[in-house]
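I opened this entry to keep a record of what I looked up, beginning with a helix contact and then turning to a sheet.

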Amino acid sequence: MPEPVIVARDLVKKYKEFPAVGGISFEVAPGESFGLLGPNGAGKSTTMRMVGAVSTRTSGDLSILGLDPNQFGPEIRSQLGVVPQADNLDAELRVRDNLIVYGRYFGLPIRRVRQRADELLEFAQLQDKAKSKVDDLSGGMKRRLTIARALINDPRILLLDEPTTGLDPQARHILWDRLFRLKEQGTTLVLTTHYMDEAEQLCDRLVVVDKGVIMAEGSPASLIRDYSSREVLEVRFGSERNAQVAGELDGVGERVEVLPDRILIYTDNGERELVQVTDRGLQPITSLVRRSSLEDVFLRLTGRSLIE
Amino acid sequence: MSLSRDQPAVTGSGQATRSATALVAAQKPRRFGAWYVAEHRFRVMRSYLQTVVVTGIGNPLVYLFAMGVGLGSLVSSNMGDSAMSGVSYLTFVAPALLATAAMTVASEEFTYPVLLGFKWNPTFLGMNASPISPGQIIDGIVISVIARLLGTCVVYFVFMLLFGAVPSPWGFVAIFVAVLTGLAFGAPVMTYVATIQQDTGQIAMLMRFVLLPLTLFSGTFFPLTAMPTYLQWIGWISPLWHGTQLSRVFAYGLAEPFWLTVVHVLYLAVLVIVGWLWTRRIIGRRLNK
């Protein structure tokens, strides 16, 4: 394995006494697409800010591109592209000027920045919005502009904090497509998300984070293999009856999870388990057989679902 | 489509190369970061350029005419042409108006851009994610305000000349005194604004209950000594009074003890330095979360 571009060892961030990040360790290889998956408040954004060299760690070791952010903040940031959770585009400037002015912060020559801005507008499919006001853009367009802005310095590592939160499905797919292209070009991606599908689409490898610590690590497929079954049978008996019915499901599937609105049955063969359920005289209102996802991994690891 | 790539400053792969590239890439932002921030401010100012130009030209015209010529003719018809310790009212009031104009510009540029930058239009967060450091953000704002102050004050001074309000050949120094006055008022204001977490109209209050009284009680329209003694302390703590008196020294040779002139300069300088450095500390703390 080539030398990792990010190395975190027992990384801790405390606010007063509250540990937002409670000692996490991970490495990211060059060109890799690495994800931090977890619910809101898990410490993902705090971790991203430390990696982004804007938040000083309380303890532990952190090295980005072989440099310590405590001493080499500007150096590290010169090589990063940052897409924060909340867009912080400049509403007082027009779309193209947002890119140009941002490129200048990196000390790039104005001519180079202009050329790059036009390329990025094309990449973000915003050519005909170059002169628009930022406030006139849709949520998805703002997000793409933020990503374009993060790429103005041709970064080695792109940090994306919840890149598609709050976007409609179409806008998310456009964004994923753009991110996938960057990945193909060899840009190292580090992203946080609480969306399973996003993690499965974009991440080569991920860590599941909860309450500031890492619960598991691996590729999406290996995590599903290790912490879940191949298929999941979802049955609903109505919110009143779910818990009661669950008691009658002993021996069905490998494992049963009862959620307020449905029962999840983990198994290799969902159809076979459904027959078992109905054979016991239980008639679900609805039933669904699906592949296991990272959502199930998270549920298994923490006993909670991701989006509460 | 694919994006063009820059030729790397350092060739090769592996960690040593990556670190070296970063070290090279950060050289310019480390040195010139504040200027890039100022450049950002100038681009934003361009969007309200009209206001800058209209107030820059309109203010001196209106104020010099109304106060200097209008009110001035009233004063001189009652007290003679040399009513103000030997000079006309216009000559007396013009340097004060110049300093006041600078203070007003500073009160615009050091308040809302700082308040917005943290929250409502959080440009500081974007800058902070780039190689720019928090202190450079403040330095850049100060640079941009100095530039606007200089422009405003030069225009004002030209009008003062046209009105025949500057008898002394050293009058032009009043331009720099006014810039210093603007900063001396603006830097501490910026410090305060940088601490505002929740906007509940503090800036409007500041304008009404600090800026306006300072203008009225800082020896602007009449000498400080014309006020009751129990009000004169306002002048002594007011950067505007120190700036105005200093401005008068250069504009028409106001007679005052030399030590007092030194006090004016020192007081203004201390306000600028303390306000500037303190704001740097605050922003550093606020952006490092």
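Predicted model: local features only at pLDDT ≥ 70, side-chain atom pairs only at ≥ 80, totals over all residues.

I then looked up the geometry of the pair. The axes of helix 2 (residues 27-47) and helix 7 (residues 134-162) of chain B come within 7 Å and cross at roughly 50°; angles from 65 to 115 degrees would count as roughly perpendicular and those under 35 as roughly parallel, so I noted helix 2 and helix 7 of chain B as oblique to each other. The crossing of helix 2 of chain B past helix 7 of chain B is right-handed.

Next I turned to chain A, where I found an open sheet of 3 strands in the order 2-1-4, with antiparallel pairing. Its edge strands are strand 2 (18-28) and strand 4 (59-64) of chain A, each of which pairs on one side only. On average, neighbouring strands of this sheet are turned by 25° against each other, direction ignored.

Packed on the sheet I noted helix 1 (residues 44-51) of chain A, which touches strand 1, strand 2 and strand 4 of chain A, and whose direction makes about 120° with that of strand 1 of chain A.

Last, I checked one strand pair: strand 1 (residues 6-15) and strand 4 of chain A run antiparallel and are joined by 5 bridges, and A:Arg9 stands opposite A:Asp61 in strand 4 of chain A.

Technical notes
Residues numbered from 1 in each chain as written. Chains lettered and ligands numbered in written order. Axes fitted to C-alpha atoms, helices over the stretch in contact; angles between N-to-C directions. Helix = DSSP H or I, 4+ residues; strand = E, 2+ residues; numbered from the N terminus. Parallel < 35°, antiparallel > 145°, perpendicular 65-115°, else oblique. Left-handed = near helix turned anticlockwise from the far one by under 90°. Pairing = 2+ DSSP bridges. Contact = placed C-beta atoms within 7 Å.
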